[in-house]
Amino acid sequence: MAADSNASSIFPAGTRAPDFTLPSGLGTTVSLKQYRGKPVILAFYPADWSPVCGDELALFNEVLDEFKEHEAQLIGISVDGIFCHMAFAEARKLRFPLLADFEPKGAVSTLYDSYRTDVGYSKRTLFVIDEQGAIAWSYLSPEGSNPGADGILKALDNLKKGAAR
């Protein structure tokens, strides 16, 4: 299911994206600020091994080259731990970082209004952040739905058009 024009936006365009640093593996971290100067796609998702999440991240992996044509970096974030992420990324052959919003649980997801305290996991939300660190587009996917990549690609196209002016 692709994101449509009735998309539920989390933050209005132009909102400063909250900075964060999260573990991406054993002894390694990723910070949002390290990607300043290029677009960033944040994909918050509930759990590594759930069927919809697996399909969503596999789709993003398939269109990763299209994201890279826009010089955009894709980052997946869930409350799963680094060992779970490492096993999942290896099993799915993912070519982008998965960050562990594990401890304190959901802290970064909360900053992005993407954490469900009632169930203890992240909502399925997408953010495209521009080169200056502002949110250019956001989308909250309906529960259990794969948002697809169309909305992300359209947002990246709009960023490119804006930069060309």
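1. The side chains of Asp65 and Arg95 meet in a salt bridge at 3.8 Å, N to O, the term being used for a side-chain nitrogen of Lys or Arg within 4 Å of a carboxyl oxygen of Asp or Glu. The pair links distant parts of the chain, since Asp65 belongs to helix α2 and Arg95 to the loop between α3 and β5 (98–100), 30 residues apart. Helices (H or I, at least four residues) and strands (E, at least two) are DSSP runs, numbered from the N terminus. Asp65 counts as partly exposed at 46% relative accessibility, and Arg95 counts as partly exposed at 44%; here buried means under 20% relative accessible area, exposed over 50%, and partly exposed in between, with a 1.4 Å probe and protein chains only.

2. A word on the basis of these values. This is a predicted model, in which local features need pLDDT of at least 70 and side-chain atom pairs count only at pLDDT 80 or more, while totals for chains, interfaces and linings use all residues. Residues are numbered from 1 along each chain as its sequence is written, and side-chain values use heavy atoms, with hydrogens and water left out.

3. A search of the whole structure finds five salt bridges, and Arg116, Asp118 and Glu143 are linked in a network of them. Arg116 meets the side chain of Asp118 at 2.7 Å, N to O, and that of Glu143 at 3.0 Å, N to O. Because Glu143 lies in the loop between β9 and α5 and Arg116 in strand β6 (residues 115–116), the latter pair ties together parts that are 27 residues apart in sequence. Asp118 is exposed, with a relative accessible area of 57%, and Glu143 is likewise exposed, at 57%, whereas Arg116 is partly exposed, at 22%.

4. In soluble globular proteins, nonpolar side chains tend to be buried together.

5. Which residues are in contact with Phe60, leaving aside its neighbours within four places in sequence? They are Ala43, Phe67, Leu74, Leu126, Gly148, Ala149 and Ile152, where contact means heavy atoms within 4.5 Å. Phe60 is one of the buried residues of α1, together with Cys53, Gly54, Glu56, Leu57, Ala58 and Asn61. Helix α1 itself has twelve residues and reaches 17 Å from its first C-alpha to its last, close to the 16 Å expected at 1.5 Å a residue; the expected span is 1.5 Å times one less than the number of residues.

6. The structure holds nine aromatic pairs. Rings of Phe, Tyr and Trp (its six-membered ring) pair if their centres lie within 6.5 Å, with planes under 30 degrees apart counted as stacked, over 60 as edge-to-face and the rest as tilted. The rings of Phe44 and Phe127 are edge-to-face, because their centres are 5.8 Å apart and their planes stand at 85 degrees. This pair links distant parts of the chain, Phe44 in strand β3 and Phe127 in strand β8, 83 residues apart. Phe44 is buried, with a relative accessible area of 0%, and Phe127 is buried too, with 0%. Ring pairs also link Phe11, Phe20, Phe44, Tyr112 and Phe127 into a cluster.

7. By contrast in ring geometry, the pair of Trp137 and Tyr139 is stacked, because the ring centres are 6.1 Å apart and the planes stand at 5 degrees. Both Trp137 and Tyr139 are buried.

8. A last point concerns Gln73, which has its place in strand β4 (residues 73–78) and counts as buried at 17% relative accessibility. Not counting residues up to four places away in sequence, Gln73 touches Tyr35, Pro39, Val40, Ile41 and Pro97. Gln73 and Val128 are 55 residues apart in sequence and 9.7 Å apart in space, C-alpha to C-alpha.
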